[in-house]
Amino acid sequence: MHADYITDQQFADLTYKEEDVKFKEYENCTFTRCDFRACSFTAVTFIDCNFFDCNFKNTKINHVSLRDVWFTNCDFTAVNFAMTDQILYEFHFKDSLLDYAQFYSLKLKKMQFINCSMVAVDFMESDLTEALFDNCNLRHAVFIGTTALKTDFSTSYDFTIDPEKNKLKRAIFSSENLAGLLQKYDLVIK
């Protein structure tokens, strides 16, 4: 077995250094309470992995492949995902902090964001087709040139999305959060 291929491992309470994860492939691994803040993710692949209570705040994520990966209760404050591998990837977030994260121009089809804080997240030019935003705070999130076909925003809140600057066909909203679509008109909605 190749030394840089790690499978079926459990990692807990570890603090990773800059070089610790470069050029490695992890499959069916679980990371719990790990600190990745000092890491530089380059040519790293995660397949069928789960992350619980991990810290990625301000981490440099370059050329990372994420296939069927779940992040639960993780901190991704100010992380730029723009360089993630766009081929055969799927990743989701639950109970996570994504404030100031950047997803500029990414294909995020069918992604799930569940109970996440997403203040000032950048979704400019992203494809969020059939994505789920379940109970997410989207205050000051940027949606310009975003494709959100069949995207479910029905339980999320505090967002502003201009229907004239985004593709929202069949996107799902609740009557309680429609004000976020009308904000530019300076209407009073009761």
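These legends walk you through several close-ups of a predicted model.

**View 1. Strand β5 and its two neighbours.**
Start with strand β5, which covers residues 40–47. Is most of this strand covered or open? It is mostly covered, with six of its eight residues buried. On one side of the pairing story is strand β3 (residues 25–27), which runs parallel to β5 and is joined to it by three bridges. To spot that pairing, find E25 and look for T45, its bridge partner in β5. Strand β7 (residues 60–72) also pairs with β5 in the parallel sense, this time over seven bridges.

Now follow the pairing onward from β7. Strand β8 (residues 90–94) pairs with β7 in the parallel sense, and five bridges connect them. Which residue in β8 is the bridge partner of V69? That would be F91. Next comes strand β9 (residues 112–114), which pairs with β8 over two bridges, again in the parallel sense. Look for F93 here, which stands opposite F113 in β9.

Although β5 is mostly covered, A43 counts as partly exposed because its relative accessibility is 37%. Now jump to H140, in the loop between β10 and α1. The phi of H140 is near 65°, and this is also a positive value in a residue other than glycine. Is H140 buried or exposed? With a relative accessible area of 57%, H140 is exposed, since the cut-off for that word is over 50%.

Side chains of opposite charge can pair when their charged atoms come close. How many salt bridges does a search of the whole structure find? It finds five. One of them brings together the side chains of D13 and R33, at 2.7 Å from N to O. D13 lies in the loop between β2 (10–12) and β3, while R33 lies in the loop between β4 (30–32) and β5, so this pair ties together parts that are 20 residues apart in sequence. R33 is partly exposed, with a relative accessible area of 44%. In another salt bridge, the side chains of D35 and R37 meet at 2.5 Å, N to O. These two partners have their own labels: D35 is buried, at 15% relative accessible area, whereas R37 is partly exposed, at 45%.

D158 is partly exposed, with a relative accessible area of 44%. R139 counts as partly exposed too, at 35% relative accessibility.

Pick out K150, which lies in the loop between β10 (132–134) and α1 (179–182). With 45% relative accessibility, K150 counts as partly exposed.

Definitions and conventions
Residues are numbered from 1 along each chain as its sequence is written. This is a predicted model: local features need pLDDT of at least 70, side-chain atom pairs count only at pLDDT 80 or more; totals for chains, interfaces and linings use all residues. Side-chain values use heavy atoms; hydrogens and water are left out. Buried means under 20% relative accessible area, exposed over 50%, partly exposed in between (1.4 Å probe, protein chains only). Helices (H or I, at least four residues) and strands (E, at least two) are DSSP runs, numbered from the N terminus. Two strands pair if DSSP finds at least two bridges between them. A salt bridge is a side-chain nitrogen of Lys or Arg within 4 Å of a carboxyl oxygen of Asp or Glu.
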